[in-house]
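Subject: Structure handover

Dear colleague,

Here is the structure you are taking over. Please look through it first; my notes follow below.

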Amino acid sequence: MDEGIQSEVDVVVVGAGVAGLYLLHRLRGAGLSSRVLESADDIGGTWYWNRYPGARCDIQSIEYSYSWDPELEQEWEWSERYATQPEILDYLDHVATKHDLRSGITFETRVETAEWDDEARRWHLRTDTGEEITCRHYVMATGCLSVPKDVDITGVERFRGPTYSTGRWPHEGVDFSGMRVAVIGTGSSGIQAIPLIAKEAAELTVFQRTPNFSMPALNGPIPPDTVAEVKARYPEFREELRWSLGGVEFEPGLDSIYTMSDEEIAERLERMWNGGELFAAAREFGDLTLNEDTNEIVAEFVRSKIREIVDDPETAEKLCPTTFPIGTKRPCIDTDYYPTFNLPHVRLVDLRQDPFRTITETGIETEHETFELDAIVYATGFDAMTGAIVAVDITGRDGVTLREKWVDGPSTYLGLTVPGFPNFFTITGPQSPSVFSNMMVSIEQHVDWVIDTITDLRDRGIDTIEPTPTAEAGWVRHTADGGDMTLLPKANSWYMGANVPGKPRVLFPYIAGVGFYRGICDEVRAKDYLGFELRSGDEVHVNDGVVCRLQPDVQQVLTVMAELGLPPLESMTAEAAKAFSVEMAAQAPAGPWVGDVVDGTYEGAAGPLPYRLYRPEGDGPFPVVAYFHGGGWVIGDHTSDDAFCRDQCRRSGSIIVSFDYRHGPEHRFPAAPDDAAAAVRWLGEHAGELGGRADGMVVMGWSAGANLAAVAARRLRDEGGPALAGQVLVTPVTDSDLSRPSYEEAGDEHILHRALMEWFWDHYADPADRGH
């Protein structure tokens, strides 16, 4: 029977875009029978539907291309740095024709229901043509931005003129010549379409809910020497992309804005603006979405450029985003977007000042004005990441639908699989890098992982694969941890699901990068499918576990340390360890700006010792915090936690006084706690002259310093003060008993392990003193 009409196959794929085409190619190569079902009448997916004026990719063409056909890499020539929709569709058409992929695709067919049969261990699918198909594995390759969101404006059905959605543009094109046109929306598709629609329309009115940040794309032909260079080293080039942060030839900047001069900041900002790249801001400022100070400097620079370009000051201010950090919504690169608003027939309406009342038969009414129109274009975005997946009625084990499973937000393992839905895979699904990356790179990685997994199962005689709830919970937590460290939750973006009324507000994509993510997926397979339950007949193999127990930033620090090959601290002498600590502290990222930093000395228990004071901006008196650094009572000083102290000063609005104290082995216990108690007493006596107030004083410390803070608080309580409002103990050392469960469970892991703690204790306190 011809491949295209089998009703029982190994794998069904939904979608014939970039992912579906590669899936079909890999399935054939693996000898797996398959059906690819596509609702459109031809291939292309996102690039089939999104034909609006100006539609083009925002990843450079030479990177936004398949890597699995070396001959294709050499023969295809891109005409522009950022390819237009027609050119990308031509490229995919060329691939489909060259590899005879259309013969494996059933077009104009939509899956209506997919139901798991636990007894037969098969998926049963029914299409809108009435066909029923059975398969062992079911793969959704429906794309992240393929379902336009519903238009939520009163009266939308009343308008008698033509209406268009950027996500479902007529294939024959649209001529707006001589027409009064409205474009609703200024996201990515609106920013691309508005300049071209303005060239045709007699009048163009742009209705904007929230302005977006955009920078010039500086598009044009790719320099021939660049093409030649990449084609000469395509294998190495592709491998670099696979292990990069965003799947593009780019690495984020590492320098902190706090260490840059005003001149360097200005130079980097101009270079960013003139870079013509989606990730240009992150290249110059690696902490763009982590650091509010950096973000506001970059955001204000872009706003200043908007004010320079747009002639009318009132329109310019309307186009300046102020309600979310730059980079927390999909960043845009454009061609003549802001200059378009200088044209006499183009007008911007700010819906925050003049909201919609209704759409009428002949136009749009806002609260203050009526607009007579000939056509309306809706550039209102997508039900991103999950919309196309839950549009199909997918029912897993025990009659639970995927829509019900995800009612509070997507919950997956690796963004690829879902508990309760055996043999079900989502290509670039929620909680995978997807839209935070070059989609070509992420698609290929997902397809390879899925096909390699399916062939593994076949070769081992395994019927089903399904993630465990433990693995799912760990991945959901890991994904959320990454997002929570950033500024992304501060924006009501489609990254957060906030553009669709009623959609759960969670971070949908995975943020730690495609290279890091690829390593995780490889690790899962290398560890015999860690986090999965495998079934073969009556045999069940559960390899339960969590693949990422560490927060992404911690994991990255450990990775960098491993790459540096640093010697273990406990292998050093105390003198060498102290010198090493000073060197590492000097290379640490700088902390945020504070109002003032002052170095001084205080009277310790046995003589003068140094401190560093961090004072907030503004007028005091401020709350006062006595801080003690970490380092196992052996290494570190009053400056080694500089960035942390600055951050705490900024966040709390308090004076932070970081006190040095005597260290082992030269000064063993109880020298350090004696100094800590003396430091707090001294601070209580001098708080006023330092700009603080003595009442409500807090003690704070990290690790061994937290131990000192706790000890000092008890001593001051028992010895007559000063009175304290509280303690802030960050990962405190609580006792010296190395038989505690944490030493058994994590004794050999990460930076602070049993051997190092033993080294610290041996340098700090005699065994007889450790129970003090």
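Which residue lies over the face of Phe-508? It is Lys-503, at 4.8 Å from the ring centre. Please keep in mind that this is a predicted model. A second case of this kind involves Phe-324: Lys-329 lies over its face, at 4.8 Å from the ring centre.

Next, the nonpolar cores. In soluble globular proteins, nonpolar side chains tend to be buried together. The largest nonpolar core here has 86 residues. Those with the most contacts inside this core are Tyr-64, Tyr-66, Tyr-91, Leu-92, Leu-414, Trp-449 and Val-547. Helix 15 (residues 439-460) supplies the largest share of the core, 10 residues. As for Val-547, once its neighbours within four places in sequence are left aside, it is in contact with Tyr-413, Leu-414, Trp-475, Ile-520, Glu-523, Val-524 and Leu-530. Another core lies apart from the largest one and has 51 residues, including Met-179, Phe-285, Leu-319 and Ala-379.

On the aromatic rings, the structure holds 47 aromatic pairs. In one of them, the ring centres of Tyr-164 and Trp-169 are 5.3 Å apart and the planes stand at 35 degrees, so this pair is tilted. Both Tyr-164 and Trp-169 are buried. The pair of Tyr-627 and Phe-644 is also tilted, because the planes are at 50 degrees, with the ring centres 5.9 Å apart. Tyr-627 belongs to strand 24 (residues 624-628) and Phe-644 to helix 20 (residues 642-652), so this pair ties together parts that are 17 residues apart in sequence. Tyr-627 has a relative accessibility of 1% and therefore counts as buried, whereas Phe-644, with a relative accessible area of 29%, is partly exposed. There is also an aromatic cluster formed by Tyr-22, Tyr-66, Trp-68, Trp-76, Trp-78 and Tyr-91.

Last, helix 21 (residues 671-686). Its 16 residues should span 22 Å at 1.5 Å a residue, and the end C-alpha atoms are 22 Å apart, which agrees. Of the 16 residues, 12 are buried, so helix 21 is largely enclosed by the rest of the structure. Among the buried residues are Ala-671, Ala-672, Pro-673, Asp-675, Trp-682, Leu-683 and His-686.

Regards

Technical notes: Residues are numbered from 1 along each chain as its sequence is written. This is a predicted model: local features need pLDDT of at least 70, side-chain atom pairs count only at pLDDT 80 or more; totals for chains, interfaces and linings use all residues. Side-chain values use heavy atoms; hydrogens and water are left out. Helices (H or I, at least four residues) and strands (E, at least two) are DSSP runs, numbered from the N terminus. The expected span of a helix is 1.5 Å times one less than its number of residues. Buried means under 20% relative accessible area, exposed over 50%, partly exposed in between (1.4 Å probe, protein chains only). Rings of Phe, Tyr and Trp (its six-membered ring) pair if their centres lie within 6.5 Å; planes under 30 degrees apart count as stacked, over 60 as edge-to-face and the rest as tilted. A charge sits over a ring if NZ of Lys or CZ of Arg is within 6 Å of the ring centre and within 35 degrees of the ring normal. A nonpolar core is a set of buried Ala, Val, Leu, Ile, Met, Phe, Trp, Tyr and Cys residues joined through side-chain atoms within 4.5 Å. Contact means heavy atoms within 4.5 Å.
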